[in-house]
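Colleague: I would like a close look at one part of this model. Please take it step by step.

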Amino acid sequence: MIQYDTIGLVYTRACPLSCAHCITESSPKVRGRMGLEQASDYLKTISLFSPSVCFTGGEAMLYYRDILELVSQARGLGLKTSLVSGAGWVRGESSTRARIKALAGAGLNHVCISWDQYHEEFSARERPLLLARLALEAGLEVAVRVVAISDAQKEAYHAMFDGLPVYLQAQTPIMLGRAASLPAQHFAFRDEPPDGVCAVILSPTIEADGTVYACCGPSYYASHSSPLRLGNTLEEPLEDILARSRQDPFLEMIHVAGPYGLYKLLKDLPAGEACLKTRPAYSSICDLCLDVTNDPKLVTAVRERIADIDAQRLRVAGRLWMKNKLLPELKKRRTIMKEMEPEA
């Protein structure tokens, strides 16, 4: 059974930035947001399935007063809370400090700042630096999420924060949304189906239109029949959607063996091998995941294969890998973050 690490509320896809790598194509031109009452109802259900909730977008801070109220409600429900921001809303130090201090007082635990060369094209780097410093000052944990294709580039981004105790989260560009128009040199292509497990399958997101996706970003391009599209809260209760999806062995297989695990299962079947057409190059494991999950015939073939004894053994092996390798690494990261916290 899948245990959700966090569940995201995509409060709006509107954003003051129009970054060239944005797979969700967020921008100032996007309209619409999640209703406050709607989000409040979601929080009550989320508290039954996950220890934490993440407010994301677009840029959720465009609706600061709503987020402040929702953070307070989440704390009342016993949820840990995090916020993802591109810092495009940051202006003066005084106003930014007031907002961050209020959010911390309401119960916000963590801020994740999205920042890299693509963000800097639309917003000065002083903004994420100021946001990081003030969030740390308010006692919040701070991560910086960057999109980079080399270790040197990652280190350069990290160095920009000038010794602040922030945790760096790095990923390579994914060729979806606006990023699909970027030149080839922006990607770290692989010419074989990429391996690697998927941790974000444990973090479903809820859109303003009620659609619930298995992950943030790539699932936005899932077909209506895809297992990555978990359901819609306008058609059935969120509780039913989350309860059903955490029992789905298909999603669990993605988590423990990655999209490459699906690929290997299909290669063992003549029909699957004939139907799955590999790409000349892959920008990430998400390409392979969407190739499989957007094809109903391949999804059916995988589900049948998962029911076999060999696939069940693979799932057990994947769980053991999680227990012995990934979970200790996550624990190590949390310890590092704790050690980096400023003394009271």
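Which residue lies over the face of Tyr220, and at what distance from the ring centre?

Modeller: Arg13 lies over the face of Tyr220. The distance from the ring centre is 4.3 Å. Keep in mind that this is a predicted model.

Tyr220 is partly exposed, because its relative accessible area is 32%, and buried would need under 20%. Tyr220 also pairs with Tyr213. Their ring centres are 6.2 Å apart and their planes stand at 65 degrees, so this pair is edge-to-face. Edge-to-face takes an angle over 60 degrees. Tyr220 pairs with Tyr221 as well, again edge-to-face. Here the centres are 5.5 Å apart, with 90 degrees between the planes. The structure holds five aromatic pairs.

Tyr213 has a relative accessible area of 5%, so Tyr213 is buried. Tyr221 comes out at 26%, so Tyr221 counts as partly exposed.

Next, the cysteines. The count of disulfides is zero. Cys215 is in no disulfide. The nearest cysteine sulfur to that of Cys215 belongs to Cys198, 6.1 Å away. A disulfide would need the two sulfurs within 2.5 Å. Cys215 is buried, because its relative accessibility is 8%. Cys286 is in no disulfide either. Its nearest cysteine sulfur is that of Cys215, at 6.4 Å. Cys286 has 16% relative accessibility, so Cys286 also counts as buried.

Now the backbone, away from the rings. Gly57 and Gly58 are joined by a cis peptide bond, with omega about 20 degrees. Gly58 sits in the loop between β2 (52-56) and α2 (64-76).

Two residues other than glycine have a positive phi. Glu25 has phi near 55 degrees. Glu25 lies in the loop between β1 (7-10) and α1 (36-49). Its relative accessible area is 39%, so Glu25 is partly exposed. Asp162 has phi of about 50 degrees. Asp162 lies in the loop between α6 (151-159) and β6 (167-171). At 67% relative accessibility, Asp162 counts as exposed, because the cut-off for exposed is over 50%.

Last, a helix to set beside these loops. Helix α3 covers residues 93-106, which is 14 residues. At 1.5 Å a residue, α3 should span 20 Å. Its end C-alpha atoms are 20 Å apart, so the span agrees. Thr96, Ile100, Leu103 and Ala106 of α3 are buried. Seen down the axis, the buried residues of α3 fall within an arc of 125 degrees, so they line one face of the helix. Ser94 and Lys101, on the other side of α3, are exposed. The cover over the buried residues of α3 includes α2, β3 (80-85) and α5 (126-137). After α3 comes Gly107, with a positive phi near 125 degrees.

Terms used:
Residues are numbered from 1 along each chain as its sequence is written. This is a predicted model: local features need pLDDT of at least 70, side-chain atom pairs count only at pLDDT 80 or more; totals for chains, interfaces and linings use all residues. Side-chain values use heavy atoms; hydrogens and water are left out. Rings of Phe, Tyr and Trp (its six-membered ring) pair if their centres lie within 6.5 Å; planes under 30 degrees apart count as stacked, over 60 as edge-to-face and the rest as tilted. Buried means under 20% relative accessible area, exposed over 50%, partly exposed in between (1.4 Å probe, protein chains only). A charge sits over a ring if NZ of Lys or CZ of Arg is within 6 Å of the ring centre and within 35 degrees of the ring normal. Helices (H or I, at least four residues) and strands (E, at least two) are DSSP runs, numbered from the N terminus. The expected span of a helix is 1.5 Å times one less than its number of residues. The arc is that of the directions from the helix axis to the C-beta atoms. Contact means heavy atoms within 4.5 Å.
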